[in-house]
Structures are given as structure tokens and as C-alpha cells.
There are 2 protein chains.
Amino acid sequence: MLTVTLNAALDVTYQISTLSPGDTHRVHHVHTRPGGKGVNVADVLTQLGHPVTATGFAGPELTTRLPGFVPITGQSRRTVTIVEQTGTGATLFTEPGPVISPGEWQALLDRFDQLAAHARVVVLSGSLPPGLPADTYAQLITRSPAPVILDTDGDPLRHGLTARPALIKPNLDELTRLLGREPDLPADCHTLGVPVAATLGAGGALLATPDGTWRARPPGPVPGNPTGAGDAFTAALARGLACHQPWPTVLADAVALSAAAVRSPAAGSFDPAAYQEFTTAVTVEES
Amino acid sequence: MLTVTLNAALDVTYQISTLSPGDTHRVHHVHTRPGGKGVNVADVLTQLGHPVTATGFAGPELTTRLPGFVPITGQSRRTVTIVEQTGTGATLFTEPGPVISPGEWQALLDRFDQLAAHARVVVLSGSLPPGLPADTYAQLITRSPAPVILDTDGDPLRHGLTARPALIKPNLDELTRLLGREPDLPADCHTLGVPVAATLGAGGALLATPDGTWRARPPGPVPGNPTGAGDAFTAALARGLACHQPWPTVLADAVALSAAAVRSPAAGSFDPAAYQEFTTAVTVEES
């Protein structure tokens with residue numbers, strides 16, 4: 001398994017008392033971890049015990065913590081998540097990202113060709129750093145000898161579709177932007193030309209393929225931290241494709257793992273007990 | 001003039017559309033500058049054309065941008081300011097700061113002794129990084145051959161007072177914490193044993209000295225960015241002390257420069273036209 005994170009991040013979490021717009025807040029605790037959607041996917045696969053290699057671009061702050069990545073001169077972006085002691089939600093700020101030089105891009109292509117040659121599934125995740133063309137993911141999909149799962153948004157998703165990935169994983173907002181209107185589900189998924197695993201937040205997920213369409217639902221509302229839940233969902237899709245599991249099994253597993261990730265405080269990990277519990281509690285129906 | 005910033009920061013500003021707690025925000029623009037109160041004071045003095053040296057501790061991210069500082073192994077803190085395109089206020093998050101080793105502290109003392117010997121006024125500004133004792137500023141005041149302006153809060157201010165700085169510059173919140181109750185002004189200032197220049201936000205400022213007590217007011221409400229206004233105020237106090245200006249002149253100048261800093265979008269600078277305008281418009285009366 002290979003995950004590619006072109007816009008990796010240093011995820012910074014600030015714990016504060018209460019967020020009050022317009023005020024000054026002393027940060028009680030600062031936590032940092034390498035992040036970005038593909039890094040999270042790889043971390044979840046590692047926790048599942050599934051062999052995975054992660055690559056992408058890493059600025060100076062990230063090179064030692066992301067050894068499989070292509071080092072770049074620019075600073076990798078930071079994401080800052082504000083977590084309140086007395087509040088419930090997390091407030092997130094995401095920087096745009098570094099400028100990639102032509103030499104750095106060529107180094108990434110070389111690394112990609114080398115790693116994708118041995119991968120059973122390739123996962124391309126997240127936004128593109130500024131300056132990389134919108135067809136960047138399309139280029140990687142075309143080069144990949146392995147089936148590709150694409151999880152991105154906007155123009156990179158639109159262009160990526162033309163290169164026919166094995167599966168895309170939009171959420172409702174991303175589907176809405178892709179279609180330019182509220183999606184009509186599952187009908188709209190079948191117009192995109194590739195299998196679609198659409199996450200529907202608390203409503204579970206929908207999988208539309210030429211072989212059939214399925215809907216999976218979690219047993220009920222899952223309280224916790226939804227950051228990274230989509231990446232756990234993608235990790236399960238990747239494992240399912242790599243292991244040639246049937247589509248409804250893949251979908252149910254992805255919804256269970258995603259809900260177990262909500263139960264875990266940090267992105268890139270899941271609650272193993274909750275995963276086991278949800279595995280038997282998720283319902284799947286053909287639609 | 002020497003300014004000391006023991007807890008210097010990389011000030012990061014995020015421009016976003018609208019702050020919505022619990023949501024994810026794409027940052028449109030990231031701006032960074034070396035900050036911390038003493039750095040801001042030095043930047044204002046430089047803009048005034050007044051010779052100034054700045055020192056303190058600088059982590060790896062800041063060493064090249066703060067050449068007069070003692071390099072440390074720990075990361076200098078970051079402050080993150082969220083500025084909204086459609087909002088008015090700035091929302092600020094301040095990290096606690098790095099741990100200082102005994103060797104780094106000794107290097108700072110050596111640098112301080114060397115620089116303070118040639119300074120007409122020393123300005124000690126801002127919080128202490130975690131681990132430095134609360135009497136850190138008191139130690140520096142005792143060592144300083146030049147008069148010291150102390151601008152800090154809480155225990156470092158309480159301890160600093162015992163070493164009798166030439167002047168302290170609390171705001172109303174800091175005075176309240178120092179006294180343990182709402183201040184009775186100007187009476188309470190005279191109980192502190194040293195001259196007090198108290199900033200009163202939009203209400204101007206109060207200067208209580210053994211030679212007299214004065215109140216200065218800006219001409220009216222000044223819209224803009226109040227971050228750094230207190231540091232411009234301190235810069236004017238430092239210049240006034242260095243140039244042996246009379247107290248009421250120093251106070252009026254500090255209120256004018258502080259209001260001109262509100263008119264400037266960034267901390268560490270002021271609007272020169274506004275400064276000129278406010279210089280004649282600020283009123284001072286003995287109280």
C-alpha cells in the first residue's frame with residue numbers, strides 16, 4: 001500500500017479554556033504531529049497492522065518525522081486546531097502550503113514510480129500545494145501501475161476523474177462542489193464514470209459501483225472528534241481493495257473503522273474496542 | 001536603549017474570511033514576523049529613528065531574524081492571530097514558550113551585562129518562558145546600571161517591583177491582578193513604591209510619580225488594531241526617560257504614539273501622519 005500526501009502538514013493542536021472571538025487566549029498545551037490526509041491514512045493502516053509506505057513532500061520541519069518523503073526547501077503548511085476545555089467542537093485553521101520547484105516535482109515522480117511499482121493500492125489524498133497544476137493527481141493516476149483511490153476536492157478531483165481512478169471518496173460538500181449543485185444520491189454517483197464511496201457524515205456512507213450500490217449506516221450517533229474519520233474510512237477502502245474483499249464488506253468495514261476513529265482523540269488513529277463493536281453493529285443494504 | 005525579550009515569539013497572522021467556532025477555515029494569507037513585546041518596542045524606536053539594541057532568547061526559527069539574541073535549543077513560542085476579512089476584532093492564541101537551560105540563562109546574563117553597560121534606558125517586556133523563576137526580572141533590574149522600565153504581569157511584576165525599577169507600565173487588567181482587586185486610581189499607583197504609567201485603553205493613560213500625577217487622553221476613539229499599542233506606549237516612555245523629558249511631556253507623547261500604533265495594521269509600527277496629528281490633539285491634566 002502506498003499513500004501520497006503532496007500537501008503534508010504539521011498538525012498543531014492548541015488546548016485553551018474557551019474560544020472567545022476577538023479575545024486573547026493563553027494556550028495551555030501545544031501538541032504537534034505530522035499530518036495531512038495521506039499521513040493519517042498510513043497511520044491508520046499501520047495501526048491495523050497493514051504494511052504501508054507513505055510519501056509526498058516534506059518541508060524542513062517535517063523531514064525527520066516523515067522519512068519516506070521528498071524533502072523540499074519551502075515550509076510545509078501548518079494546521080492549527082483549537083480545542084476547548086469547556087467546549088465541544090474543534091476549530092481548525094489550515095495554511096495553503098509551500099511552493100514546489102520543478103526539481104522537487106521530478107524527485108516526487110521518481111519516488112512515486114519506484115514505490116507504486118510495488119504497491120497493491122495507491123491512495124492519493126488531500127489538497128495540492130499552491131503552484132502544482134490541477135491535473136497533478138491525474139498525472140499520478142495515469143502513471144500508477146496499481147489501482148488508485150483518490151480523495152481530494154475541487155479542480156484536482158475534477159481533473160483526477162478524467163484519468164479514471166479505481167475509486168473516489170468525496171464527502172457531501174465535495175460532491176456538491178463537483179456537481180455544482182446539491183447531489184441527487186445515489187443517481188449522481190453513477191454519472192461520474194468511476195466507483196464512488198461517498199461519506200455522509202453521521203448518516204454513514206454510500207458506495208456506487210457498476211456492480212451495485214450499497215448504503216451503510218453506523219448504529220447511532222457517535223460522539224467524539226470527527227477529524228481524521230474520513231481518512232480512516234479511506235484506509236479501510238484501501239485495505240479492502242488490496243485484499244479483494246466484496247464491495248458491501250468493504251463499505252461496512254469503512255463505516256465501522258471511521259466511527260471508531262471518531263472515538264479516538266487524534267486523527268490517524270482509531271479506538272480498537274469501538275472498531276470491534278461497530279463491526280457487528282453497522283448495517284448495509286443494497287439500494 | 002536596550003530592550004530585553006526573554007519570551008520572544010514568531011508572530012503568525014492568519015487572514016480568513018469569517019471566524020466560526022467549531023468550523024474549518026482556509027487561511028488565505030499567512031504573515032510572519034519576529035515578535036514579543038520588547039521586539040515591538042525596539043521596532044517602534046527604530047521607526048522613530050532612535051538607536052536601540054534588542055536582546056533576549058531566540059529559538060532556531062528566530063535566530064537569523066533576531067541577530068542580537070542569545071540562541072537557544074528550544075523552540076521560541078508562536079503567537080497566532082486570526083484576522084477576519086468581514087470581522088472587526090483580532091483573535092489571538094499565545095503559546096507558553098520554550099524551556100531555558102542554565103547555560104542559556106548564563107549566556108543571557110553575560111549579554112545583558114555587556115549591553116546594559118552602554119544603555120541609557122533598559123526595557124524589560126513581556127512574559128517569562130516556562131521554568132525561569134518569577135524573580136528573573138528582579139535579578140536583571142538589580143544588575144542594570146541604567147534605569148529600567150518594566151512591562152510585565154503577575155508574579156514577574158510583583159517580584160520585579162521589589163527591585164525598584166524606574167517605571168512600570170501596567171494596563172488595567174495587570175493592575176487589577178497586581179492589587180488583587182479593582183484599582184482605585186490614581187491612589188493605588190502611589191502605594192507601589194515606583195513611578196507607574198498605567199494604560200487605560202481608550203481612556204488614555206495615567207502617570208503617577210513622586211513629582212506629580214497626570215492624566216492624558218487621546219482626542220477620541222481611535223479605530224484600528226490595538227495589538228502592539230502598549231509597546232508603542234512603552235517605546236515613547238523609554239525615549240522620554242533617555243532624553244530626560246518632563247513627565248507630562250513623556251505621558252502625552254506616549255498616548256499619541258500609542259494611538260498612532262492603533263492606526264497601523266501591524267504590531268511594532270505606527271502611522272507617522274497619525275502620530276503627528278495626535279501629538280497636538282492629546283490633552284494632559286494634572287490630577
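Is Thr94(A) buried or exposed? Thr94(A) is buried, because its relative accessible area is 12%, and buried here means under 20% relative accessible area, with exposed over 50% and partly exposed in between, using a 1.4 Å probe and protein chains only.

Before I go on, the conventions. This is a predicted model, in which local features need pLDDT of at least 70 and side-chain atom pairs count only at pLDDT 80 or more, while totals for chains, interfaces and linings use all residues. Residues are numbered from 1 along each chain as its sequence is written, chains are lettered from A and ligands numbered from 1 in the order in which they are written, and side-chain values use heavy atoms, with hydrogens and water left out.

Back to Thr94(A). It sits in strand β8 of chain A, residues 90-94. Strands are DSSP runs of E with at least two residues, helices are runs of H or I with at least four, and both are numbered from the N terminus. Which residues is Thr94(A) in contact with, leaving aside its neighbours within four places in sequence? In chain A they are Arg77(A), Arg78(A) and Thr79(A); in chain B they are Thr24(B), His25(B), Arg26(B) and Val27(B). Contact means heavy atoms within 4.5 Å.

That takes us to the interface. The contact takes 24 residues from chain A and 24 residues from chain B. About 2100 Å² is buried between the two chains, 57% of it on carbon and sulfur atoms; buried area is the accessible area, with a 1.4 Å probe, that two parts lose on being put together, summed over both. Tyr14(A), Phe93(A) and Thr94(A) supply 25% of the area that chain A buries against chain B, more than any other three residues.

How many salt bridges are there between chain A and chain B? The count is zero, where a salt bridge is a side-chain nitrogen of Lys or Arg within 4 Å of a carboxyl oxygen of Asp or Glu. Polar contacts do cross the interface: the rule finds 12 residue pairs, both residues at pLDDT 80 or more. A polar contact is a pair of N or O atoms within 3.5 Å; within protein, one must be able to donate a hydrogen and the other to accept it, and residues adjacent in sequence count only if both atoms are side-chain atoms.

On the side of chain A that touches chain B, the elements giving two or more residues are β2 (9-16), β3 (24-26), β7 (77-84) and β8 of chain A. Of these, β8(A) gives the most, with five residues.

The same surface serves both copies, as 100% of the contact residues of chain A recur in chain B.

Now the salt bridges. Over all chains, a search of the whole structure finds 24. One of them joins Asp231(A) to Lys37(A), with the closest N and O atoms 3.4 Å apart. This pair links distant parts of the chain, Asp231(A) in helix α6 (residues 229-242) and Lys37(A) in helix α1 (residues 37-47), 194 residues apart. Asp231(A) counts as buried because its relative accessibility is 4%, while Lys37(A), at 28%, counts as partly exposed.

Helix α6 of chain A also holds Arg239(A), whose partner Asp253(A) is in helix α7 (residues 247-262), 14 residues apart. Arg239(A) is buried at 17% relative accessible area, and Asp253(A) is buried at 11%.

In chain B, Asp11(B) and Arg33(B) meet in a salt bridge at 3.6 Å, N to O. Asp11(B) is in strand β2 (residues 9-16) and Arg33(B) in strand β4 (residues 29-35), 22 residues apart. Both Asp11(B) and Arg33(B) are buried. Shared partners also join Lys37(A), Asp151(A), Lys169(A) and Asp231(A) into one network of salt bridges.

Last, Val122(A), in strand β9 (residues 122-125) of chain A. Val122(A) is buried, with a relative accessible area of 0%. Val148(A) is 26 residues away in sequence and 4.7 Å away in space, C-alpha to C-alpha. Beyond four places in sequence, the contacts of Val122(A) include Leu2(A), Val4(A), Phe112(A) and Val148(A).
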